[in-house]
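Me: Hi! Could you walk me through this structure? I'd like to go piece by piece.

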Amino acid sequence: NYWSKKDSISGQIKKKWVMDIELKGAPENYHSAYHEFPTFRDQIAEESATVLKGAREDGPRGILFVSLVMDASGSMGESVRQQGGTATQKISIAKEASKAYIAGMSDADCVSLSTFSTTAATELRATKVVVAKRRLDDVLKNIQPRDATNIGAGLGEAYRELDAVKGVRERMAVLLSDGRNNRGNWEAIVDKFSEAQFPVCTVGFGQNADEITLREIARRTGC
């Protein structure tokens, strides 16, 4: 179980994500199970907010900075079958997951959003969540799946965002991908995350998600 940061705010949220999927009777491999629960995205925001509210009641905390890294490669354009028979693109589910995660954060926290295919780009530079919530729909609508998968390039964008912002108590990345890397390598940048103590938490999409790669990235960075 690599969701080990139980003493941190983000760790409590991450634990909520996994617990809810398990409680709904999903397969043991939660990466391939995500798309089977269309109502799950609606619960992420509510339960994340509950954890953050409880933390504030327990005492003050520092600002949390989350850098979201979204796979926008061609394979994310593939559709998965949800309950009720509806077919939805993996990229659409990843967008909804991003919106739900940000909705559960405190307005004072910080967030950025990067995408990757063959190359990578930062679509939303580090900004306060209260601002990101207003801009997010416009940012997401322009993200379309294309080309190859270069996870290392996407993580590189996230690392630069996290490293540039100082005075933040906790910094972490969330990688949303089907994990099928076929360009470059991700090992070197993951080592940099590990050295900086920036956890990279991974959420996979589709029954063919590369669970081995996603788990290894999370394990190496201490998520």
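**The disulfide and the core**

Reply: Happy to! Let's start with a covalent link: C201 and C223 form a disulfide, with their sulfur atoms 1.9 Å apart. Keep in mind that this is a predicted model.

Me: How many disulfides does a search of the whole structure find?

Reply: The search finds 1 disulfide. The link of C201 and C223 is right-handed, with 100° about the S-S bond.

Me: And which parts does the pair tie together?

Reply: C201 lies in strand β7 and C223 in the segment after α8, so the link connects parts that are 22 residues apart in sequence.

Me: Are those two cysteines buried or exposed?

Reply: C201 counts as buried, because its relative accessibility is 1%, under the 20% cut-off. C223 is also at 1% relative accessibility and counts as buried.

Me: Great. Zooming out, what does the secondary structure come to?

Reply: The protein has 8 helices and 7 strands. Of its 223 residues, 53% count as buried. The protein exposes about 9900 Å², and carbon and sulfur atoms supply 45% of that.

Me: What share of the contacts comes from residues 24 or more positions apart?

Reply: Such residues account for 76% of the contacts in the protein with a separation of 6 or more.

Me: Now the inside. How many residues are in the largest nonpolar core?

Reply: That core has 31 residues, and those with the most contacts inside it are V66, L68, L113, V174, L176 and F205. The elements giving it two or more residues are β1 (64–71), α4 (90–103), β4 (110–116), α5 (129–141), β6 (170–177) and β7 (200–204).

Me: Which of them gives the most?

Reply: α4 does, with 6 residues.

Me: You mentioned V66. What does V66 touch?

Reply: Leaving out residues up to four places away in sequence, V66 touches Y101, M105, C110, V111, S112, M172 and V174. There is also a second, separate core of 21 residues, which includes C110, L175, W186 and I189. C110 counts as buried, at 10% relative accessibility.

Me: Let's switch to strands. How many of the residues of β1 are buried?

Reply: 8 of its 8 residues are buried, so β1 is mostly covered. From β1, L64, V66, L68 and M70 point one way, while F65, S67, V69 and D71 point the other way.

Me: Does β1 run parallel or antiparallel to β6 and β4?

Reply: β1 and β6 run parallel and are joined by 7 bridges. β1 and β4 run parallel too, with 7 bridges joining them. As for individual pairs, E170 in β6 is the bridge partner of L64, and M70 stands opposite T115 in β4.

Me: And how many bridges join β4 to β5?

Reply: 6 bridges join β4 to β5 (residues 120–128), and these two strands run antiparallel. A hairpin connects β4 to β5 through 3 residues. L113 stands opposite L124 in β5.

Me: One more topic: which residues of helix α7 are buried?

Reply: In α7 (residues 187–196), the buried ones are I189, V190 and F193. They lie on the same side of α7, because they cover an arc of only 105° around the axis.

Me: What do those buried residues pack against?

Reply: The buried residues of α7 pack against α6 (151–164), β6, β7 and α8 (211–221).

Definitions and conventions:
Residues numbered from 1 in each chain as written. Predicted model: local features only at pLDDT ≥ 70, side-chain atom pairs only at ≥ 80, totals over all residues. Heavy atoms only, no water. Core = buried A, V, L, I, M, F, W, Y, C linked by side-chain atoms within 4.5 Å. Buried < 20%, exposed > 50% of the residue type's maximum accessible area, 1.4 Å probe, protein only. Helix = DSSP H or I, 4+ residues; strand = E, 2+ residues; numbered from the N terminus. Contact = heavy atoms within 4.5 Å. Areas by Shrake-Rupley, 256 points an atom, 1.4 Å probe, with all protein chains shown as cover. Pairing = 2+ DSSP bridges. Arc of directions from axis to C-beta. Disulfide = S-S within 2.5 Å.
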